[in-house]
Amino acid sequence: MILNDYLILSTIIFVIGLIGVLRRKNLIMLFFATEIMLNAVNIALAAISKFHGDLTGQMFAFFIIAIAASEVAIGLGLLILWFKRRNSIDLDTLQSMEG
Amino acid sequence: MFEVIAFYLFAFLTIAMFSITVFTKNALYALSSLAAGMIFISAFFFLLEADFLGVVQIIVYTGAVMALYAFGMMFFDSINDVTEKISSPKVVFVLTGMIALLVVVMFAAPIIGENAQAFYPVHPEYGNAQDVGLVLFTKYLIPFEVAAVMLLVAMIGGIILAGKKMDISYTEMEEQDIDKEIGKDIK
């Protein structure tokens with residue numbers, strides 16, 4: 001296994017997440033797709049860390065996991081607030097200011 | 001040999017799980033396949049000799065983040081499919097082209113970084129967890145503390161955002177009062 005195998009896998013997973021962000025209109029699906037993209041980047045960082053013999057990649061992966069955890073906490077809070085107000089988690093309901 | 005077999009097996013499983021997450025209509029299927037994909041991803045971390053990262057992936061992602069999503073989804077009527085109307089293909093085309101460009105850059109990047117030097121080299125005699133601890137608590141101490149403060153802020157923010165009107169207990173109220181409260185929320 002060489003570095004490029006892991007990078008190709010990471011890119012495929014990242015593109016799957018990106019398709020989710022572009023295609024879905026359900027807000028909770030957008031959150032899931034964001035998690036997929038963050039995980040894809042984590043794989044790439046861990047692979048580079050191994051093949052260059054440097055621990056910095058793993059450190060960045062840890063911080064990305066911390067950021068993902070806080071993103072989920074804040075995002076779900078906002079989502080619950082929005083659902084209480086509009087009774088819908090469709091992305092189009094966010095578009096309330098039409099000019 | 002085993003590494004190759006494990007890599008392709010888990011690559012297939014991860015891609016399949018994440019494809020289900022992205023393309024399914026049912027939010028519960030999406031949640032469970034996402035959790036499965038997160039566990040399969042930890043296999044890559046074990047393959048890459050990042051043992052501690054793999055354990056953190058299982059504990060934090062499938063333990064904490066997925067549980068948080070599962071609790072969050074109790075607030076939404078997730079059995080109903082959200083009817084999605086997909087439009088504006090022009091934007092999708094432009095973004096797809098940019099993604100293709102990004103893919104080329106990502107594949108070309110290791111060629112540029114061929115002569116990269118290791119700042120914090122791996123010590124095989126220490127073991128991964130000890131090695132990570134040494135670097136994390138010396139070179140990355142301030143980002144670590146900042147991350148701790150950020151998690152605290154996120155926790156307080158999450159409690160304040162999601163916990164509004166949690167002081168009203170529905171179990172101690174009469175039926176009509178509950179209906180009135182819910183009607184006020186939906187407006």
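First, the basis of what follows. This is a predicted model, in which local features need pLDDT of at least 70, side-chain atom pairs count only at pLDDT 80 or more, and totals for chains, interfaces and linings use all residues. Residues are numbered from 1 along each chain as its sequence is written, chains are lettered from A and ligands numbered from 1 in the order in which they are written, and side-chain values use heavy atoms, with hydrogens and water left out.

Let me begin with chain B. It has seven helices and zero strands, where helices (H or I, at least four residues) and strands (E, at least two) are DSSP runs numbered from the N terminus. Along the sequence the pattern therefore reads α-α-α-α-α-α-α. Of its 187 residues, 30% count as buried; buried means under 20% relative accessible area, exposed over 50%, and partly exposed in between, with a 1.4 Å probe and protein chains only.

I turn to the interface. How many residues does the contact take from chain B and from chain A? It takes 81 from chain B and 70 from chain A, contact meaning heavy atoms within 4.5 Å. The size of an interface is often given as the accessible area lost when the parts come together. Here chain B and chain A bury about 6,900 Å² between them, with 75% of it on carbon and sulfur atoms; this buried area is the accessible area (1.4 Å probe) that two parts lose on being put together, summed over both. On the chain B side, Leu48(B), Tyr69(B) and Phe76(B) lose the most area to chain A, together 11% of what that side buries.

Between the two chains there are six residue pairs in polar contact, both at pLDDT 80 or more. A polar contact is a pair of N or O atoms within 3.5 Å; within protein, one must be able to donate a hydrogen and the other to accept it, and residues adjacent in sequence count only if both atoms are side-chain atoms. The largest share of the side of chain B that touches chain A, 12 residues, comes from α1(B).

Next, the core. A nonpolar core is a set of buried Ala, Val, Leu, Ile, Met, Phe, Trp, Tyr and Cys residues joined through side-chain atoms within 4.5 Å. The largest one has 67 residues, and Phe32(A), Leu79(A), Phe44(B), Leu53(B), Tyr69(B) and Phe76(B) touch the most other members. Helix α2 of chain A, residues 27-51, gives the most to this core, with 13 residues. Leaving aside neighbours within four places in sequence, Phe76(B) is in contact with residues including Leu79(A), Ile80(A) and Phe83(A).

Glu49(B) lies in the loop between α2 and α3 of chain B, and counts as exposed because its relative accessibility is 51%. Most residues other than glycine have a negative phi. Phi of Glu49(B), however, is positive, near 60°.

Finally, Asp51(B) lies in helix α3 of chain B and, at 39% relative accessibility, counts as partly exposed.
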